[in-house]
Amino acid sequence: MAKAFGIVNTAGNHIWVEGLENYRTIGAFSFLGRYRVIDFPISNFSNSDIEQIKVFVRRKPRSLIDHLGTGRHYSINSKRGKLQVLFSENSADNDIYNTDIAAFYENLDIIERMHEQYVIIAPNYMVFVQNFDALLQSHIESEADITMLYHSVDNAKEAYLNCDLLNLNKQKGVLSIEKNRGTAKNRNIFMATYVMKKDLFIELVKKARKISSMYTLPQIVNRECEELDIRGVAHRGYFATITDFKSYYDANLSLIDSKMAASLFDEDWPIYTRTNDSSPTQYFEECDVKYSVVSNGCLIEGSVENSVIGRGCVIRKGAVVKNSILLPGALIGEDARIENQVVDKRARIIHAKEVIATPEKPGYVRRDDTL
Amino acid sequence: MKQNNMVAMILAGGRGSRLHDLTNKVAKPAVSYGGKYRIVDFPLSNCANSGIDVVGVLTQYESVLLNSYVAAGRRWGLDAKGSGVFVLPPREKADANLDVYRGTADAISQNIDFIDTYNPEYLLVLSGDHIYKMNYAKMLDYHKENHADATIAVIGVPMREASRFGIMNTNDDGVIYEFEEKPEKPKSNLASMGIYIFDWKQLRKLLVADMKNPDSHHDFGKDIIPALLNDGKRLMAYKFKGYWKDVGTIDSLWEANMDLLDKKNELDLSDPTWKIYTEDVTTLPHYVGAEADIKRAFITQGCVIEGEVKNSVLFTGAKVGSGAKVIDSVLMPNVVVEEGATVTRALVADGVKIGKEASVGNADSEHIELVAKRVKGVE
């Protein structure tokens, strides 16, 4: 039996992805055509032999629940393993009460009943691969109380602005956790991933509740930095956060680059997702497709460049799709021109002939909308 | 869910020797088709979509891969309680010697005990190596409405080709009065599709008798159907309209793949109400490079295209290097066409590598070239 169980956590209240998040939680966002963001943390758990996984969801659960189903597609043993979705009652009065700690506290009975000694917490709004079993081993060997995963970046002034960062001493001890306010280029961005004993986790949740109803997990951990032995472990490889509209757009387009994709996808570390049984994609005589990632089930007669095309999209004759992300089932009508757009699920661009934005400020077409 | 009272048996024991090297290691029903499917996905998906719960798959030739493939009934949704796909290779029984399946009818006869455990009213017998979409529930309705003892699905073929098929001669009301196997002078163009619905109790009696008959071929076409006709039973022809292909040769397998490139292809694999289910492979979506040039193609997940692809079907994980050309061809799963290589009018078997600058196939050849071994390129 694995020594740890997994928790997939939601983003804090300060994180909001305009447009897309009106319809679903970030974990359920379509990613790189055939995936959802949550496929990454769950595949990481599954590949690390951690088969007891608790997925927290705070709002708009429909799309996420539909995608997760029984969890069989994540190759979790159906008897020994379990993928469980945990809800929390949102406070209608004020969103400040809807913290991750509040959600953990509400489901504390389930967490207390877990047999595993350790818990690994990972976010549903970041894309990376990490061997959690190796992380757990290094955590146990280090005898630290908490291990936190971070990624060193050199562009923290303009990116990762809604994320937390870790201040570390030379021995990788965590001195404090704070918000990235874009004041320096080189930062250790916290990947919202923790390893600790289950008992310590429960203790922290209870303690946080006593201190403040608004407290979040990073806040209570920050408060304990002096008392506990908290260490940072650096992550290498592809890392993207989905913390606003631009970062969602950029992360998708960045993975068209095959070298970049190779730093995330590894044959020995499969990223599982739910099959949709779509047929292969059909390319017609008039089409012109360059430098793009295309999912199954599409019909392509028009031009596509530097774009990510979701399952079952239709691109009609004379249409041009450039620097854009089409979510599953989008339709681009004859001679329509789409540039720097995120076109949400099943949206149809029929009457509009030009929907054009800039790469710096990409546009958004709503789900099921007809333009 | 309790569905119709019919058990399906898929005959999947054939080798398909005219597919040459493609079936050296796998039986014909396990041969890849249409980018992401195997041929046996079609009858299995048809069963699932027609509300049939219990499907037996009769395997014999090179059945290891086929057995493990079809045993995962979940892929086709055949995993509800009381539902399942059962792999049925020949097996030793207490009262008989271990015997291979001697013919299509014998394969069913040797599994009478299996069918009896479900005590079905009707038995559907299918072939595991045809590509088509068909609602067997409708065929069963037709069988019941006509109070038939057996119903055989037929398809109209061009009259000049009729002598290649088993032909059903019918009255105006669809009653079959005669069956002719590959007739020299066909009287009708209604070819048997090898899809039968029988009243199970009746068929069971006939099969028991047939097993003991030393002169029988133990074959549905040669023995069982003629016996039913001799007995004066009511046999109905169920006319099927739509795409149907028996991919017996490399040329016809290639052609069936090419059919998918037509704008309004009859098979329509993207119909959401009649999906064809298959193995769920964990791969990325396909990648199209900056220098790629794709026209008229059918491409699936896991492919990487840096070169030119025209009028071709690419299966899961096929790779086309930069400057390479794939014209009028079929690349089976995980084929690699390295930089500058050319593939023309060829069918490249699973996992075969075409080396740098190498060239296979010929635009003017009458037949499609099967490439089943690695082709060395410039080192």
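## Salt bridges

In this predicted model, a network of salt bridges links Asp293(B), Lys295(B), Glu308(B) and Lys310(B). Over all chains, the structure holds 31 salt bridges. Side chains of opposite charge can pair when their charged atoms come close. Another pair in chain B joins Glu178(B) to Lys187(B), with 2.7 Å between the closest N and O atoms. Glu178(B) is partly exposed, at a relative accessible area of 24%.

In chain A, Lys207(A) and Glu224(A) form a salt bridge whose closest N and O atoms are 3.1 Å apart. This pair links distant parts of the chain, 17 residues apart: Lys207(A) belongs to helix H6 (residues 198-211), while Glu224(A) sits in the loop between helix H7 (217-223) and strand E12 (230-234). The two partners have their own accessibilities: Lys207(A) is partly exposed, with a relative accessible area of 36%, whereas Glu224(A) is buried, with a value of 7%. Asp368(A) also forms a salt bridge, with Arg346(A), and here the closest N and O atoms are 2.8 Å apart. Asp368(A) lies in the segment after strand E28 (363-365) and Arg346(A) in the loop between strand E25 (341-343) and strand E26 (348-349) of chain A, so the pair ties together parts that are 22 residues apart in sequence. Both ends are partly exposed: Asp368(A) has a relative accessibility of 40%, and Arg346(A) has one of 39%.

## Nonpolar cores

In soluble globular proteins, nonpolar side chains tend to be buried together. The largest nonpolar core of this model has 119 residues. Those with the most contacts inside this core are Tyr283(A), Tyr33(B), Leu44(B), Tyr136(B), Ile195(B), Leu331(B) and Ile354(B). Helix H8 (residues 250-258) of chain B gives the most to this core, contributing five residues. A second, separate core has 69 residues, among them Ala11(A), Tyr35(A), Tyr160(A) and Ile189(A).

Leu44(B) can be followed through its contacts. With neighbours within four places in sequence left aside, Leu44(B) is in contact with Ile10(B), Val55(B), Val57(B), Val70(B), Trp76(B), Leu78(B) and Val85(B).

## Enclosed helices of chain A

Helix H8 (residues 245-254) of chain A has seven of its 10 residues buried, so this helix is largely enclosed by the rest of the structure. The buried residues of H8(A) are Phe245(A), Ser247(A), Tyr248(A), Tyr249(A), Ala251(A), Asn252(A) and Leu253(A). They pack against several strands of chain A: strand E2 (30-31), strand E13 (240-241), strand E19 (308-309), strand E22 (325-326), E25 and E28.

Helix H1 (residues 39-47) of chain A is likewise largely enclosed by the rest of the structure, because eight of its nine residues are buried. In H1(A) the buried residues are Asp39(A), Phe40(A), Pro41(A), Ile42(A), Ser43(A), Asn44(A), Phe45(A) and Ser46(A). Just after H1(A), Asp49(A) takes a positive phi of about 65 degrees.

## Cysteines

A search of the whole structure finds zero disulfides over all chains. Cys163(A) is in no disulfide, and the nearest cysteine sulfur, that of Cys225(A), is 18 Å away. Cys163(A) counts as buried, at 3% relative accessibility.

Cys313(A) is in no disulfide either, its nearest cysteine sulfur being that of Cys298(A), 4.9 Å away. A disulfide needs the two sulfur atoms within 2.5 Å. Cys313(A) is buried, with a relative accessible area of 1%.

## Surface features

Tyr97(A) is found in the loop between strand E5 (82-87) and helix H3 (100-106) of chain A. The relative accessible area of Tyr97(A) is 39%, and this residue is partly exposed.

In chain B, Lys144(B) lies in helix H5 (residues 136-145). Lys144(B) counts as partly exposed, at 40% relative accessibility. From Lys144(B) to Asp199(B) the separation is 55 residues in sequence and 9.9 Å in space, taken C-alpha to C-alpha.

How values were computed. Residues are numbered from 1 along each chain as its sequence is written. Chains are lettered from A and ligands numbered from 1 in the order in which they are written. This is a predicted model: local features need pLDDT of at least 70, side-chain atom pairs count only at pLDDT 80 or more; totals for chains, interfaces and linings use all residues. Side-chain values use heavy atoms; hydrogens and water are left out. A salt bridge is a side-chain nitrogen of Lys or Arg within 4 Å of a carboxyl oxygen of Asp or Glu. Helices (H or I, at least four residues) and strands (E, at least two) are DSSP runs, numbered from the N terminus. Buried means under 20% relative accessible area, exposed over 50%, partly exposed in between (1.4 Å probe, protein chains only). A nonpolar core is a set of buried Ala, Val, Leu, Ile, Met, Phe, Trp, Tyr and Cys residues joined through side-chain atoms within 4.5 Å. Contact means heavy atoms within 4.5 Å.
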